[in-house]
Amino acid sequence: MNGPFDSDPHLFKAPEFASIVEEAIHFFSNSPIQEVHSTYHMNIRGVYGLYYFGDYELYASIAERNRAKSDQPIYVGKAVSSGKRTGQSRNQDTGNVLSRLWEHTQSINATNNLSIGDFKCRFVFLGKREEDLIEVLEARLIRKFQPL
C-alpha cells in the first residue's frame, strides 16, 4: 500500500438523517412546556429539557429569556432503556423520562436557594423504532442550546 489512505470509500453519508434529527429538534422546541411534577408515572423513553423561570441571581439571564420565549433550557437530558448500549434493552424504570425528572425534583428540593416551582420542562418521547435517536437528539439539543 503506497500513498495516502483514501477514506472516501468508507465514508457513509445520509442527508435524510440530518433532516430527521432537525425535525425532532423542531418537534421538541415546539412541544408544550409543562410544570415539573414528581407524580408522573409512565415508563417512557426520550429526551427532556429543564427551563428556569425563577429569580436566582446566577440564572437571571436564562430566566429572563425563558419568561419571554421559553427557549433556553438550563439542562437537557435523556432516558433510555437499561442495557440499551449493549443492545439488551429491558423495560425498567431506569429508562423513564418522567423518573429522571423526578430525580431532578429531588435534587432541586434539596437546595435552599432553588424552588421546583421555578422550573418547567419540555420533553419528546420516542417510540420503539425511534428510540435509537435518543442519544443523537440529546447531543444535538445540547449543541444547539448549550445549557449549563
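Mentor: We shall go from the overall layout to a helix, then to rings, charges and a residue in a strand. Please keep in mind throughout that this is a predicted model.

Trainee: Let us begin with the layout. How many helices and strands does the protein chain have, and in what order do the elements run?

Mentor: The protein chain has four helices and four strands. Read from the N terminus, the order is α-β-β-α-β-α-β-α.

Trainee: What share of the residues counts as buried, and how much surface does the chain expose?

Mentor: The protein chain has 148 residues, and 37% of them count as buried. The exposed surface comes to about 9,500 Å², with 52% of it supplied by carbon and sulfur atoms. Taking contacts between residues at least 6 apart in sequence, 72% join residues at least 24 apart.

Trainee: How should I read a single helix?

Mentor: Start with the general idea: an α-helix has 3.6 residues a turn, so residues three or four places apart point the same way. Now consider helix H2, residues 60–69, where the buried residues are Ile62, Ala63 and Asn66. These residues lie on the same side of H2 because they cover an arc of only 95° around the axis.

Trainee: Which residues does the opposite face of H2 carry, and what do the buried residues pack against?

Mentor: The face turned away from the buried side carries the exposed residues Ser61, Glu64, Ala68 and Lys69. After H2 comes Ser70, which has a positive phi, near 50°.

Trainee: How do I look for aromatic pairs, and how many are there in the whole structure?

Mentor: A search of the whole structure finds five aromatic pairs. Tyr52 counts as buried because its relative accessibility is 0%. Ring pairs also join Tyr52, Tyr56, Tyr59 and Phe119 into a cluster.

Trainee: Where does a charged end sit over a ring?

Mentor: The charged end of Lys120 is placed over the ring of Phe53, 5.3 Å from the ring's centre. Another case is Lys144, which lies over the face of Phe145 at 5.6 Å from the ring centre.

Trainee: How should I read pairs of opposite charge?

Mentor: In general, side chains of opposite charge can pair when their charged atoms come close. Here the count comes to seven salt bridges. One of them joins Arg140 to Glu22, with the closest N and O atoms 2.3 Å apart. This pair links distant parts of the chain, as Arg140 is in helix H4 (residues 134–145) and Glu22 in helix H1 (residues 15–30), 118 residues apart.

Trainee: Which other salt bridge links distant parts of the chain?

Mentor: Glu35 and Lys120 also meet through their side chains, at 3.7 Å from N to O. Their places are strand E1 (residues 34–35) for Glu35 and strand E4 (residues 119–125) for Lys120, 85 residues apart. With a relative accessible area of 40%, Glu35 is partly exposed; Lys120, at 26%, is partly exposed too.

Trainee: Finally, is Leu50 buried or exposed, and what is it in contact with?

Mentor: Leu50 belongs to strand E2. Leu50 is buried, with a relative accessible area of 4%. Setting aside neighbours within four places in sequence, Leu50 has contacts that include Val36, Pro73, Leu101, His104 and Cys121. The C-alpha atoms of Leu50 and Phe123 are 8.9 Å apart, although 73 residues separate the two along the chain.

Technical notes. Residues are numbered from 1 along each chain as its sequence is written. This is a predicted model: local features need pLDDT of at least 70, side-chain atom pairs count only at pLDDT 80 or more; totals for chains, interfaces and linings use all residues. Side-chain values use heavy atoms; hydrogens and water are left out. Buried means under 20% relative accessible area, exposed over 50%, partly exposed in between (1.4 Å probe, protein chains only). Helices (H or I, at least four residues) and strands (E, at least two) are DSSP runs, numbered from the N terminus. The arc is that of the directions from the helix axis to the C-beta atoms. Rings of Phe, Tyr and Trp (its six-membered ring) pair if their centres lie within 6.5 Å; planes under 30 degrees apart count as stacked, over 60 as edge-to-face and the rest as tilted. A charge sits over a ring if NZ of Lys or CZ of Arg is within 6 Å of the ring centre and within 35 degrees of the ring normal. A salt bridge is a side-chain nitrogen of Lys or Arg within 4 Å of a carboxyl oxygen of Asp or Glu. Contact means heavy atoms within 4.5 Å. Accessible areas come from the Shrake-Rupley method with a 1.4 Å probe; for residues, only the protein chains shown count as cover.
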